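Q: Could you walk me through how to read salt bridges in a model like this one? I'd like the general idea and then the actual case.

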Amino acid sequence: HQQYIGKVKQAVFHTHKTGRKRVVASTEQNIIATLDLRSGEIFWRHVLGPNDVVDGIDIALGKYVITLSSGGSILRAWNLPDGQMVWESSLHGPKHSKSLLLTTNLIIEKDNALIVFSNGRLNAVSCIDGEVLWKKDFEEESLEVQQVIQPPGSDFIYVVGFAASSQFQMYKINAKNGELLKHESTAFSGRSQQTPVSNLLEDSPGLAVIIHSSVTGIFAIKTDAATIFIRVIGEGKLEVVEKTNHETVVSDALSISEGQQAFALVQHAGSNIHLTVKPAHDWDSNLLKESIKMDQQRGFVHKVFINNYIRTDRSHGFRALIVMEDHSLLLLQQGAIVWSREDGLASIIDVTTSELPVEKAGVSVAKVELNLFEWLKGHVLKLKGTLMLATPEDIAAIQYMRLKSSEKSKMTRDHNGFRKLLIALTRAGKLFALHTGDGRIVWSHLLQSLHKSESCRQPIGLNLHQWQVPHHHALDENPSVLVVGRCGPSSDALGVLSLVDSYTGKEFSSLRLVHSVAQVIPLPYTDSTEQRLHLLIDADKHAHLYPKTHEAIDIFQSEFSNVYWYSVDDDNGIIKGYALKTKCSGNVADEFCFDSRELWSIVLPSESEKIITTATRKLNEAVHTQAKLIADQDVMYKYISSNLLFVATVAPKASGEIGSVTPEESWLVVYLIDTVTGRVLHRMTHHGSQGPVQAVLSENWVVYHYFNLRAHRYEMSVIEIYDQSRADNKDVWKLVVGNHNLTSPVSSYSRAEVITKSQSYFFTHSLKAIAVTLTVKGITSKQLLIGTIGDQVLALDKRFLDPRRSVNPTQAEREEGIIPLTDSLPIIPQV
Amino acid sequence: MSNVKVLLNGGQNITFLRPDGYFSFHNIPAGTHLIEVSAIGYFFSPVRVDVSARNPGKVQAALTENRKGLSELVLEPLREEQYYEIREPFSIMSLLKSPMGLMVGFMLAVAFLMPKLVENMDPEEMRRAQEEMRSQGVPSLSSLLPG
């Protein structure tokens, strides 16, 4: 079990007292967490809601962590040691604005106070119980407050900001009661000198961005080529202090002693990073300069936070917490990396599994001899353990050895196929391989193709596909995965592909495509090296075949007429099916590109239906029994077709949150569509129901979960679809002697008669995800794996969702194992 | 207490508990909403909350599992979640019912009851039976039948 926090946005250190040194961090995933500074372990963390973005955190009174979130509306205080929420208060204001949090040492009526500016209003809040002590609104309509400053040791605070007419406003407010003391405003044109920035930049082209930092007197401008540091001297005069070509990140200011401030610079140079701490007033002196070797796989440094401590010889030492491009978090102290956390795994986009290598029989004699000493040491340790003579370090070593050699964490396949590699693509563009035995990271690779560069400004990873899974022909090759991404947020941005070896993690091929990627369709054909052919459909509905080899073209041409795909347009409510035509023409033509023609389209009435969910079968699922035996020695044949598509639509008004519409105004319509012919096999309406819908389709059934507004409970429904055209084959004589169509393949061309059965049940939990288990030999019954909103996994036997359940089952039905019908699905943990 | 979250409407709003167990949601529009509690180890029924549009601040709540109305919004767990199979507690009866227990029981019964059956036979019959057994060697079914 592993916990992650995500990419850190803000961090506050807590290292004053002796004892545990902590750092409190808030992340982009709306998580607040406390980490141990010695080891990087999480003490506690809280996951806030998806809309609850954390705007600011700070530590007050040495024991409370104060967080401001949801655009400045919610202020919470948490107990620092254990994360228990102490109080929560809701702040309202007249308009949206930047949110600022300032902890002060003010004591108003015996309570320590916090000053919060949110939603256009200035509040003073008590630290102990969250009560708002006073509020102040500003008369200036268009005031944009930039900073709230409290000069040390005084009883008033300054609020500075800009008004619409580029007037600089300064308000001085009595902190005890919110009274306005002074109000000054200066127009911008009064600045004595405006040195054009371009003078300083000289020949650096590109966009210039001012790096945000709270250091007084120095600011930095970043362009594509270099970073320039500029100091303010005298009356608005600017002076270039330093110009560097490396990627640089600047931290906020830290006050290290009375009146002195320091800040840190981190620069990337090849495989090293240089950490420099300078005092704020004196650029040329360095308080600290270290150079640390950094793993190239982490990318560039994105953020740095510094903290100081007093060394034994009374000088200042610094430690720095840095956030890297792959979202990982590292602590640097005294020239070395103390710990690191792989928090990129907090934002995984897609996962696929890969088999481990086959175990090679036999161990060479040489290996045994080399390890003789280790073996002896291991046995001595174990002996010491049993005789109770072991020291704590010995016990730790014994545990470690036991874990390393246990069955779970071996790097080879096991008999039942439980040990696999999970390959995960994260939002940061990094690929991780995790071992399913103990969750350790086997390899990780920052993808070059998804790296921010000039040609690809905003790389976004899309999904992972199995590219090469060697079975029979090419057993000595390693399996590999295909990573598909695109270079921008819109759907017609150019795509990028990467092929990564699953055992070693090396990216052996990366392509920048000349077309966009709208859909990726893995074809059921593989070439002689077991590479699976994929069709990439772009925004103009052209299909491109990968890998671009002649062999692939030959295999593809022979199956040309059998390739169909579909597209779902959520916004317009149109589902279309396509087949391939000839080679495409145009300027992106090569022999691997094909035109498509539209075969069928289903237009859903947009005034009454809006598509919210679709589901299809997993490709590698095998159906073990074609027929389902029911009571009375009767047989029903399952309609198993891999071209089924399940679509769920709701009334357009009801596509919002739960409880936003009345039951009369909302309904849920589900369809089962055959994607080759476009035939709607089944359609069902649930009145008074609403999404969100989670669905899973497997074999011949669909299970979906939605919200029933009338009963105000969640419901789960099952639809099973059976093939009537084979139902005449129940006579044994016909099977043996006559001709029957049981062995004819299921084809979408034949318009088989289908019948469906369905049923609904109440269900307690709200879901985040739903999936179905696979079985190798078809012996174990299928279970539905349900991920609840409380982050728990429930395994529900499929027999509970059998549409043939009835309230009083007959004797024959009871024999078959049909459970009597109840209105809600029971959650029995042991069953 | 610190790991308990209260969710509104399927996760749109998440709030936490104060040390005294109080929680609050702000700015909820009128209508019907669903509150769920997520606490590891306990099962809470989702609560249907109706916020009245006409009287601001009036809230009615009812459990969805058993349709019980709540006069004040106090949520208690319906039951504890069992994540593991409960080990069956030790009981003498289960020991006796196990195969070893049955075999021992049977042997004890035979050891005590069989002599009682033999006791009731008169000595003549017993001598005759013993002679037959000696002559035949293996007792056959016909010899065991009376008469």
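A: Happy to. In this predicted model, E598(A) and K576(A) form a salt bridge whose closest N and O atoms lie 3.6 Å apart. The pair links distant parts of the chain, with E598(A) in strand β43 (residues 593-603) and K576(A) in strand β42 (residues 574-583), 22 residues apart.

Q: What is the general idea behind such a pairing?

A: Side chains of opposite charge can pair when their charged atoms come close.

Q: Which residue pairs with R341(A) in a salt bridge, and is R341(A) buried or exposed?

A: R341(A) meets D343(A), side chain to side chain, at 3.1 Å from N to O. To judge burial, remember that buried means under 20% relative accessible area. R341(A) has 10%, so this residue counts as buried. D343(A) is buried too, because its relative accessible area is 0%.

Q: What about chain B: which residue forms a salt bridge with R18(B)?

A: That partner is D20(B), and the closest N and O atoms of the two are 3.6 Å apart. R18(B) is partly exposed, at 30% relative accessible area.

Q: Which residues are joined into one network by salt bridges that share partners?

A: D326(A), E342(A) and K430(A) are joined in that way.

Q: And how many salt bridges does the structure hold over all chains?

A: Counting over all chains, there are seven.

Key:
Residues numbered from 1 in each chain as written. Chains lettered and ligands numbered in written order. Predicted model: local features only at pLDDT ≥ 70, side-chain atom pairs only at ≥ 80, totals over all residues. Heavy atoms only, no water. Salt bridge = Lys/Arg side-chain N within 4 Å of Asp/Glu carboxyl O. Buried < 20%, exposed > 50% of the residue type's maximum accessible area, 1.4 Å probe, protein only. Helix = DSSP H or I, 4+ residues; strand = E, 2+ residues; numbered from the N terminus.
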